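Thanks for coming. I will talk through some side-chain contacts in one structure, beginning with a pair of charged residues.

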Amino acid sequence: MVGGGGPRPSAPWVVVRDAGGRRAAGGGDGGVAVLFDRDAVLIEDIAYNGDPGRVYPRPGARRAVGELRELGVRLGVLTEQPGIARGVLTRRRVEIVQHRIEELFGPFDAWALCPHGPAERCGCRAPAPGLVLAATRALRVRPARTTVIGGTAAGLVAAAEAGAHGLLVPTAVTRPGEISAAGHRRAADLGGAVRLVVAGGSVR
């Protein structure tokens with residue numbers, strides 16, 4: 001645990017892919033981005049999963065991601081992996097799962113990972129905005145032109161604190177109060193969330 005005068009947790013782990021001239025949607029100001037929560041939004045949420053054989057895409061998720069990729073939207077993945085801090089996972093096992101996700105979904109432009117436990121009081125674990133900000137910096141996209149699609153109210157708060165837009169896709173663990181509080185900032189599934197992003201006109 002980090003005390004008031006002790007060392008702060010390390011920064012989030014960020015991996016960014018060179019876009020290599022790929023068109024960025026939205027013009028010349030860095031374009032627009034969509035950041036996905038990894039677990040329960042892109043893939044089934046299996047606690048402390050370091051096994052690529054247990055990576056299961058959520059229904060319709062691959063199609064939804066592909067639609068945005070076709071439009072030239074910068075795509076990022078956000079994930080909190082407290083199992084690393086607890087010694088249940090290693091960075092290598094998390095990377096192996098990441099590679100399997102990209103085999104199934106295609107390449108993402110950036111990955112931002114929080115390796116800290118809840119007690120470490122880091123700045124990247126939702127509802128703190130650090131993970132969102134790290135991803136937008138890596139993608140060179142302004143937070144105001146970024147949408148975060150997540151499965152919890154904490155993810156929406158992190159997006160708002162970063163100056164980004166948030167959309168809730170309820171999961172099996174999303175509380176009813178979180179769903180009602182999201183108001184119009186929610187969709188029944190990832191495909192619906194992508195339709196809301198496109199309908200907003202920011203990727204045209």
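**Side-chain contacts**

Glu-67 and Arg-63 both sit in helix α1, 4 residues apart, which is about one turn of the helix. Helices here are DSSP runs of H or I with at least four residues, strands are runs of E with at least two, and both are numbered from the N terminus.

Before going on, a word on the source. This is a predicted model, where local features need pLDDT of at least 70, side-chain atom pairs count only at pLDDT 80 or more, and totals for chains, interfaces and linings use all residues. Residues are numbered from 1 along each chain as its sequence is written, and side-chain values use heavy atoms, with hydrogens and water left out.

Back to the pair. Glu-67 and Arg-63 form a salt bridge, with the closest N and O atoms 3.5 Å apart. The term means a side-chain nitrogen of Lys or Arg within 4 Å of a carboxyl oxygen of Asp or Glu. By this rule there are 8 salt bridges.

How accessible are the two partners? Arg-63 is exposed, because its relative accessible area is 66%, while Glu-67, at 34%, is partly exposed. The cut-offs are under 20% relative accessible area for buried, over 50% for exposed, and partly exposed in between, using a 1.4 Å probe and protein chains only.

Helix α3, residues 91-105, also holds a pair 4 residues apart, Arg-91 and Glu-95. Their salt bridge has its closest N and O atoms at 3.3 Å. Arg-91 has another contact: its charged end sits over the ring of Trp-13, 4.2 Å from the centre. For that, NZ of Lys or CZ of Arg must be within 6 Å of the ring centre and within 35 degrees of the ring normal.

Glu-44 and Arg-58 form a salt bridge with closest N and O atoms 3.0 Å apart. Both lie in the loop between β2 (33-37) and α1 (61-70), so the pair ties together parts that are 14 residues apart in sequence.

Last, the rings. Which residues do ring pairs link into a cluster? They are Phe-36, Phe-105, Phe-108 and Trp-111. Rings of Phe, Tyr and Trp (its six-membered ring) pair if their centres lie within 6.5 Å; planes under 30 degrees apart are stacked, over 60 edge-to-face, and the rest tilted. Phe-108 and Trp-111 are edge-to-face, at 5.7 Å centre to centre and 80° between the planes. Phe-108 counts as buried because its relative accessibility is 1%.
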